[in-house]
Amino acid sequence: MILPIFAYGCSTLRQPCTDVQTNDSIVASLIDDMWETMYHANGCGLAAPQIGRNINLFIVDSRGTYEGLEADQRQDFFDENDKGLVETFVNANIVWRSGRVWTDDEGCLSIPGLVLPVTRSWSIKIEYSDQHFVKKSRFFDGLTARMIQHEFDHTRGILHTDYLNSLRKKLVKSKLKRVSKGLVKSAYPMHFSKR
Ligand SMILES: [Zn+2]
């Protein structure tokens, strides 16, 4: 089922998340719905707060991006052993981030039309459970690590706009207001704050 994506301004995007406690059919079907919602919106990641659920759950697909790049571009964005990742992250925790950082443009399904440069670590180590609740501890690099860091941030109430300096924050303020009021077009269903 395609779910509406909660837009900038909705309180769930700023609230803390609680851990997923049970591995049951309700969680499994929520994960299925998140994949369907993300692919329908042409996204490469989606976190539970973006569908109005404050639980520690997000999904990432960097494989589609990998496959869409020319071979010579891949080395700029992906580690040589990374051919893209399709993964569900339950109760994830980033336990290490590299000092090596890089800056690249990021979009967010909750803020359509706003692409911003964000500086993030090239490599991370993350502990999580997958969709079968199998515990994992893995390192990721490059664009895969970037997507994971973006979605992980959502489970901590952090948005990519938070990384802007105060001048750039002023520049995007009116755009964000328009998003929160539902005045921007999106190619997928969205939910807006009623404030
Ligand atoms: Zn986002």
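Trainee: Is glutamate 87 buried or exposed?

Mentor: This is a predicted model, where local features need pLDDT of at least 70 and side-chain atom pairs count only at pLDDT 80 or more, while totals for chains, interfaces and linings use all residues. Residues are numbered from 1 along each chain as its sequence is written, and side-chain values use heavy atoms, without hydrogens and water. Buried means under 20% relative accessible area, exposed over 50%, and partly exposed in between (1.4 Å probe, protein chains only). Glutamate 87 has 6%, so this residue is buried.

Trainee: Which side chain meets glutamate 87 in a salt bridge?

Mentor: Side chains of opposite charge can pair when their charged atoms come close. The cut-off for a salt bridge is a side-chain nitrogen of Lys or Arg within 4 Å of a carboxyl oxygen of Asp or Glu. Here the partner is arginine 138, at 3.8 Å, N to O. Glutamate 87 is in strand S4 and arginine 138 in strand S8, 51 residues apart; strands (E, at least two residues) and helices (H or I, at least four) are DSSP runs numbered from the N terminus. Arginine 138 is partly exposed, at 33%.

Trainee: Which residues does the UniProt "binding site" annotation cover?

Mentor: The unreviewed entry lists Cys108, His150 and His154. UniProt positions follow the numbering used here, feature names are shortened, and annotations may be inferred rather than shown by experiment. The three span 47 residues of sequence, yet they cluster in space, with a largest C-alpha distance of 10.2 Å.

Trainee: What does histidine 150 touch?

Mentor: Contact means heavy atoms within 4.5 Å. Leaving out residues up to four places away in sequence, histidine 150 touches Glu106, Gly107, Cys108, Arg120 and His160. Histidine 150 is in helix H4 and is buried, at 6%.

Trainee: Where is histidine 154, and what are its contacts?

Mentor: Histidine 154 is also in helix H4, and counts as buried at 1%. Beyond its neighbours within four places, its contacts include Leu13, Pro49 and Cys108.
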